[in-house]
Each structure stands twice: as C-alpha cells, then as structure tokens.
Amino acid sequence: MSRSERSAEEEILLFCGIIAQLSRSRASHHLASHDLPFPLFVLLRHFCHDPEREWTIGQLAAAFEVQQPGMTKQVRKLLDLKLLRARPDNSDKRIRWLSVTEAGQQLRDELLATLAPDQKAIFATWSATELADLQRLLGKLKNWLDDNRLL
C-alpha cells in the first residue's frame, strides 16, 4: 500500500508515533547532561502531575502498560536518588505506597525549564489558534485511547 492509499486514521496514528519518537530523541538530547534518563524523567513527571497522590507498583505498571518487574526497577532508581519516597501499606505489608519528594518536584521543574526553550522553538511559527486546536484534538484522542485501553 502506498502512502497515498493510507487512511486518515492510519496516517494520524503513524504521525503520532513518529512525533513521539522524534520528541523523545530531542528531549533525551537536551536532558543528557542531567543524569536522569528520559524514561525516568517521564515517570518522575507522572508523579509530579499530582504530588499528593500515592501510587503502588501495580497501579504504575497498569498506567504505563508495562510489566511490574520493569516498573519496580525504574521506581527503585528514583527511590535511590531520593526523588520518590515509599511507605508501607497499613493492612498489607507487601504493598508500598510511593510519592514524589520535594527534591523530585524540584528536579522535574529544573528539567522542564531545560526543555522549555526547545518546546517553544518547535511551535514558534504556530498561531495561538493552531496550538489550541491541536491541543484540543490531541486531548480528545488521548482521552479516547485512555478510556478504551486493551490491557
């Protein structure tokens, strides 16, 4: 099938994948001097979205659609860096509740500030209307995919 034969739906999702890869590569480049790999930055940013919320490994694995052992390794790295804290569950000692520390929030803010100039440059020629339209439509797509997970 040639590119001209792709459906709009296929091409949109293909573009989303390409954009995700290219933006990850750009962010990784800009964060390289900060000693926090991009996947750990993404996890830290997840915690900082709602700093008061606590998560279990199982909840994180489900949210990121990954296996628990892989999530455990990533969380351990953030715990070792004192960017997250853990407390035991009151009724089930096998469960630990995880939350972001002040140091984690500060590092996230620093890393976002590092990324901000590049993010601004990417959209420098876009109008406010174009940005708002794209944000609204991508939000709609993200919400549908989030509400209709297969796992």
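This is a predicted model: local features need pLDDT of at least 70, side-chain atom pairs count only at pLDDT 80 or more; totals for chains, interfaces and linings use all residues.
Buried means under 20% relative accessible area, with a 1.4 Å probe and protein chains only. Helices (H or I, at least four residues) and strands (E, at least two) are DSSP runs, numbered from the N terminus.

Residues are numbered from 1 along each chain as its sequence is written. Local features need pLDDT of at least 70, side-chain atom pairs count only at pLDDT 80 or more, totals for chains, interfaces and linings use all residues, and side-chain values use heavy atoms, with hydrogens and water left out.

Take Val75 next. Val75 touches Leu43, Ile57, Leu60, Leu84 and Leu98, leaving aside residues up to four places away in sequence. Contact means heavy atoms within 4.5 Å.

Now helix 2. It has 12 residues and reaches 16 Å from its first C-alpha to its last. That is close to the 16 Å expected at 1.5 Å a residue, where the expected span is 1.5 Å times one less than the number of residues. Its buried residues are Phe38, Leu40, Phe41, Leu43, Leu44, Phe47 and Cys48. They pack against helix 1, helix 3, helix 4 (68-80), strand 1 (84-88), strand 2 (96-100) and helix 5.

Turn to the open space. The largest pocket holds about 2,200 Å³. On a 1 Å grid over the protein atoms alone, a pocket is an open set of points where a 1.4 Å probe fits, with protein on both sides within 12 Å along at least five of seven lines; lining residues have an atom within 4 Å of a point. Its lining has 39 residues, and Ala20, Ser23, Arg45, Leu138 and Lys142 lie nearest its centre. Helix 1 supplies the largest share of that lining, 13 residues.

The second largest pocket holds about 190 Å³. Ala8, Glu9, Ile12, Leu13, Leu134, Leu137, Leu138 and Leu141 line it. Helix 1 and helix 6 are the elements that give two or more residues to this lining.

Notes:
Grid points are joined across faces, edges and corners, and a volume is the space filled by probe spheres set on the points. Buried means under 20% relative accessible area, exposed over 50%, partly exposed in between (1.4 Å probe, protein chains only).
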